[in-house]
Amino acid sequence: MQSGPDVSRETGGFRVRTAADIAVAAASFDDDHATPLARAAEHIVLARQGARMRPPMTRPSKTRIFVVANQKGGVGKTTSTVNIAAGLAQLGQRVLVIDLDPQGNASTALGVEHRRGVPSTYDALVDGEPLVDVMSESPEVANLWAVPATIDLAGAEIELVSVVARESRLRKAVHGHPWVGTEADAGEDRFDYVLIDCPPSLGLLTLNALVAGDEMLIPIQAEYYALEGLGQLLETVDMVRAHLNQALEVSTILVTMFDARTRLAAGVAEEVRDHFGDQVLKTSIPRSVRVSEAPSYGQTVMTYDPGSPGALSYLEAAREIAVQGASR
Ligand SMILES: Nc1ncnc2c1ncn2[C@@H]1O[C@H](COP(=O)(O)OP(=O)(O)O)[C@@H](O)[C@H]1O
Ligand SMILES: [Mg+2]
């Protein structure tokens, strides 16, 4: 019989806490077939040293613009946006997060100020301020920038209705950024990834994101009813593709808050894979307390607890995305 807490549950099998473990793992840093343990140790060092431990992963030849959307609330959009963004930055990519949710949760998690009056997504969308003037650099992670959302953005949904080209305001702002584009247009300073964190609705803000982006990242929570409502989202995507943005592609599905102990989670993940096939990332994100604690420290879990299973999974998910990106 077991006594005391079952550590392997919360750590998902990664036991990275002892110095001895880390020392053993450190020996195999250069091994691309590294064990999870070695990866964990590597990531702890990597997070502290800003990705200088290894050569950066190959950058895509042009900025990849991801829309992180799912009109359901609480499925992990914001958590996935900020952690994948930080993970990509830690892998040597230059990344911009655009907070498009008036709640400003992505801004909070990235430690970027978003009280009323701070230059924000609202100014870019409604007043046409250049995006470059409203972004700021992440205080925690190198190579990561963010455009914060203030509560003003709540009004934008209505204010935009009467504005010219109301559904393509964000596209104009993003493509007007000097660091967005191909190597030829934007040079070495270009962003490799732009991630847009959408609000939980299919209103004008989300529509702006769908018109601005090339790819969609849909987080799906591994729980009952996970696929419910997705039909509506995919219909919206089809509509956008037909009329407003032909290039939009649902490239990436991420299963979040996966609880390996339940059959339900496994069943949902399987259903998601049956439905979406290769679009689903191999890495699922486990449910982990550290992931949900990080924002209250103004951090992503990638710096708050780099060796935790949540951080390692997000790093792995970011790596999968970067590997696809390297061949684009
Ligand atoms: N892997 C995870 N483990 C534990 N809690 C999580 C995880 N992912 C997200 N959460 C928590 O679930 C809640 C909803 O996540 P969030 O990313 O804000 O969803 P959305 O942006 O889709 O509304 C938040 O409180 C967040 O901290
Ligand atoms: Mg959110």
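Residues are numbered from 1 along each chain as its sequence is written, and chains are lettered from A and ligands numbered from 1 in the order in which they are written. Since the model is predicted, local features need pLDDT of at least 70 and side-chain atom pairs count only at pLDDT 80 or more, while totals for chains, interfaces and linings use all residues; side-chain values use heavy atoms, with hydrogens and water left out.

Aromatic rings come up first. Rings of Phe, Tyr and Trp (its six-membered ring) are taken as a pair if their centres lie within 6.5 Å, and planes under 30 degrees apart count as stacked, over 60 as edge-to-face and the rest as tilted. By this rule there are six aromatic pairs. One of them joins Phe-66 and Tyr-193, and it is stacked because the ring centres are 6.2 Å apart with the planes at 20°. Phe-66 belongs to strand E1 (residues 64-68) and Tyr-193 to strand E5 (residues 193-197), so this pair ties together parts 127 residues apart in sequence. Helices (H or I, at least four residues) and strands (E, at least two) are DSSP runs, numbered from the N terminus. Phe-66 counts as buried at 1% relative accessibility, and Tyr-193 does too at 0% (buried means under 20% relative accessible area, exposed over 50%, partly exposed in between, with a 1.4 Å probe and protein chains only).

Trp-145 and Trp-179 make an edge-to-face pair, 5.3 Å centre to centre with 75° between the planes. Here Trp-145 sits in strand E4 (residues 144-147), and Trp-179 in the loop between helix H9 (169-175) and helix H10 (183-186), 34 residues apart. Trp-145 is buried at 8%, whereas Trp-179 is partly exposed at 21%. Ring pairs also bring in Phe-191, giving a cluster of Trp-145, Trp-179 and Phe-191.

Then there is ligand 1, with 14 residues around it, Gly-74, Thr-78, Thr-79, Pro-286 and Ser-288 being the closest (a residue is near a molecule if one of its heavy atoms lies within 4 Å of it). Helix H4 (77-90) and helix H14 (289-293) each supply at least two residues of this shell, and H4 gives the most, with three. On the backbone side, an N or O atom of Val-75 lies 3.1 Å from an oxygen atom of ligand 1, and one of Pro-286 lies 2.9 Å from a nitrogen atom of ligand 1.

Definitions and conventions
Polar contact = N/O pair within 3.5 Å; in protein donor to acceptor, adjacent residues only side chain to side chain.
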